[in-house]
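Good morning, and thank you for coming. Please look at the structure on the screen while I speak.

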Amino acid sequence: MKMKQVTPLQKKILLLLAVSLAIHLVLTACYAHTFDYEYWLMVMQNIETGNDLYGLDAFYYTPVWGDLLSFCDLVIEACGIIPQWGDRFIELVPTEDLRVLTQATLASPAMNFAIKACLAVADLAVGYVIFILIRDLSGSEKKGLIAMALWCFNPIIIYMSAGQGQFDNISTLLLLVTVLLLRRKSYFMAGIIYGMAVWIKIFPGFCLFILIAYMWTQHRDDRREALKSMGLAAAGLLLTTAVLFLPVILNGELAQAFSFLSSRTMVMTEADRLRFYRKIAWALLTVLLIFVYMLRRSYACPEKADHYLLYGIGGTVMAASLILPGYQYAASLMIFPIVLAVLPSERGYRLLGYAIFTVLTATTFTIAIFFMGPAGLSIVSAFFGTNDLTVLCQQIIDFLTGSFRTGVHIKCSKILEDLSLFCTVLIWTYIFRNYFGRLFDWFVKKLGGLHEAH
Amino acid sequence: MKRIDWLKAFVIVFCVVVLIGEVYAYAPAEGRYSSTLTADGDRLTYGLSVNGSHEYTAILLDNGDYTAVDTVYLYYDPTYASCVNEDVGVITGAMKMTQRYYLDQLARTLEYKGITPIYVNAAELHDILGAQLADGTAAGKGLAIMAGAIPDTVCGVSNNCLLDWISAGGSLYWAGNVLGSYVSSTTGLKTVAGGQAWFVGTVIYNSEDTYVHNALEYQDLFCYEYTHTMYSVKADTSSQAYLLTGYTDGEYATISLFQHGAGQVCVFGGLFSPKQVRDVATTICSGLCYCSQVIDTHDGIANRQANGTLDASQLVGNGHVYLSVGGYFCVYAKGYSL
């Protein structure tokens, strides 16, 4: 049998993915966020005890990530390869007093690897999907590879999955797969996978209008077909929602599934709550503006509709992040600067994309590193004895209570918030310039017509 | 040959994975874990059947004259006043630790540790304690009060059946406020000066929200986690026999068990917390008491199943075996009174 030849492009892609995977694995082995991980293990513990996702305190998100953890639990139990899930280290107990998400109960290295390996694969999959999208839209494999590299070797992207063990990258993956499916006019499947994206992390929910606008412009000459495609997508979305939430509703746990939203406003002061609502209003207004602009532009220039879809999605997620800016959402936010850095033909926009990419990466990564500091060495120190735990405990306390860490954290968080605001202002400016520019053109044209008539 | 549509394949695989995960999460867990214990003279043979592979611990306790709990009542009466701080800070997304939610969490934790608790209100509590006092069946019964106040149906001027019930062998598990300082009724709370002394023989308690770091005896054996000691009793000022476990600063402990007649009073320090819930459930199910002595322990890895034999030749008093699977991420536990 003749072996299939590996093309140079495939070699490049494989090399990128392999190096990225290696970096993921090295980071997983050396540095780990302890807090989220303890909760992931508690979710699996609760499932094992028959208390589903929300019966016992541990899981504070909509169901999809819990279901994925449940599947991991099932596989781990079926294989029977990880007998020790974690342990508690008495030397690190004083760090729990700080209430900055440090833990003395740590995941075992095997458990740490088991879940993060899945997240690493998700990162690589996002990189590959970005490559396909950018290659297809730009017609350039080189641009596709650049975009893929910008994702796969982005320090904050690697940190969030390999270090912290957060699952925003899966949400990004599902959102991008939705785009691929819509481009192929697989509306029902797109609806299903979009439902998964929304119910794993809420950010993709803001992109609903953008996706509707895209489907509408895909069938701008046939409204019946447009409605049919939207109906199919909606059916997929509703089916996913029903399947995911039915057991939650039957168990009377709907409040727990959405407590991550309600509890945030409950702890706010009146002034903070007002500020929070103002940010929601501004973000929603921006999302609406993007939707209207995208719809009009896609209508006027249908061959560019796919470009507008990607810009629209990236811009919408960026605008939505204004509501709750945080380094942990970097995997969702990174679409916008990557698309902007490689897709436009104008050099100015590409430079702007790289600038946003650099600032976003630098600030989120700095916050992430300064969030945990030496506490990220807890697992490797405790299980492999690389550091004396009593010394490490003191280092963690000194670092986390130090003014330097607090200062850096506050400054970078402010930069991140300003960056989100800057991006929304940028979107408004861009759209208004285009509208008012064309209004000006129209006005000049009319004036010219009048002059000629005279 | 038809090419595989990788995109559709991915969608299908992802949905199947999520669906399987959902079914596994919501499927009944019966049959995943079980255990047996058989006695043959001084040899106690335990058997564990586990899902997958887990670390486990088998502990044999000598509890002297104390009878470990096999029935637990959870007191909850919303028509009665309570006196607990339900406004404890929780992490983003977590449910507020109200008395109701705390008891719900405790009931669920007790269930997978082998005890199905019974909710009782103030009137039912009076009837149950009275009946058990009358027929001498208080031993082996536990009562968890997490209301911060004792209902006047069992503790008051005319009726003090709670103390009598404990003396007759019942076990009181208490958290959320100073023990014995408040008596509640449908109309409000009454402060009882020095009420704590009736239960634990001292009035000295910790009024500060203190974190403590030093592990006490049995902390690691029973996987205790909570490190706060607010409302804890200064045990060394008590005239009653006691055992301290969990964590300490040398003065107060997170878990204090006091002898009271044939029964015991167990005080858990700190404000409401999920970690405290787990510690309360472990203490109840493990059969730990003020005079517990560990006679024999085994630990190891149960791969689908594990068997072993505990040596009970040193056992003098009432024996209690506690089997626990999963360590600090406990997925199954069961206590056996010998």
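This is a predicted model: local features need pLDDT of at least 70, side-chain atom pairs count only at pLDDT 80 or more; totals for chains, interfaces and linings use all residues.

Let us begin with the interface. The size of an interface is often given as the accessible area lost when the parts come together. Here, chain B and chain A bury about 5500 Å² between them, and 64% of that area lies on carbon and sulfur atoms. On the side of chain B, the residues that lose the most area to chain A are L7(B), Y26(B) and F329(B), which together account for 14% of what that side buries.

In terms of contacts, 58 residues of chain B touch 68 residues of chain A. The interface holds 20 residue pairs in polar contact, with both residues at pLDDT 80 or more. Which elements of chain B give two or more residues to this side? They are α1, β2, α2, α6 and β14 of chain B. The largest share, 16 residues, comes from α1(B). By class, this side of chain B has 31 nonpolar, 14 polar and 13 charged residues.

There are also 2 salt bridges between the chains. In a salt bridge, the side chains of R184(A) and D5(B) meet at 2.3 Å, N to O.

I now turn to helix α8 of chain A, which covers residues 187–198. Is this helix mostly covered or mostly open? It is mostly covered, with 11 of its 12 residues buried. Among the buried residues are Y187(A), M189(A) and I192(A). The buried residues of α8(A) pack against α3, α7, α9 and α10 of chain A, together with α1 of chain B.

Thank you for your attention.

Conventions
Residues are numbered from 1 along each chain as its sequence is written. Chains are lettered from A and ligands numbered from 1 in the order in which they are written. Side-chain values use heavy atoms; hydrogens and water are left out. Contact means heavy atoms within 4.5 Å. Buried area is the accessible area (1.4 Å probe) that two parts lose on being put together, summed over both. A salt bridge is a side-chain nitrogen of Lys or Arg within 4 Å of a carboxyl oxygen of Asp or Glu. A polar contact is a pair of N or O atoms within 3.5 Å; within protein, one must be able to donate a hydrogen and the other to accept it, and residues adjacent in sequence count only if both atoms are side-chain atoms. Helices (H or I, at least four residues) and strands (E, at least two) are DSSP runs, numbered from the N terminus. Ala, Val, Leu, Ile, Met, Phe, Trp, Tyr, Cys and Pro count as nonpolar, Asp, Glu, Lys and Arg as charged, and the others, Gly among them, as polar. The expected span of a helix is 1.5 Å times one less than its number of residues. Buried means under 20% relative accessible area, exposed over 50%, partly exposed in between (1.4 Å probe, protein chains only).
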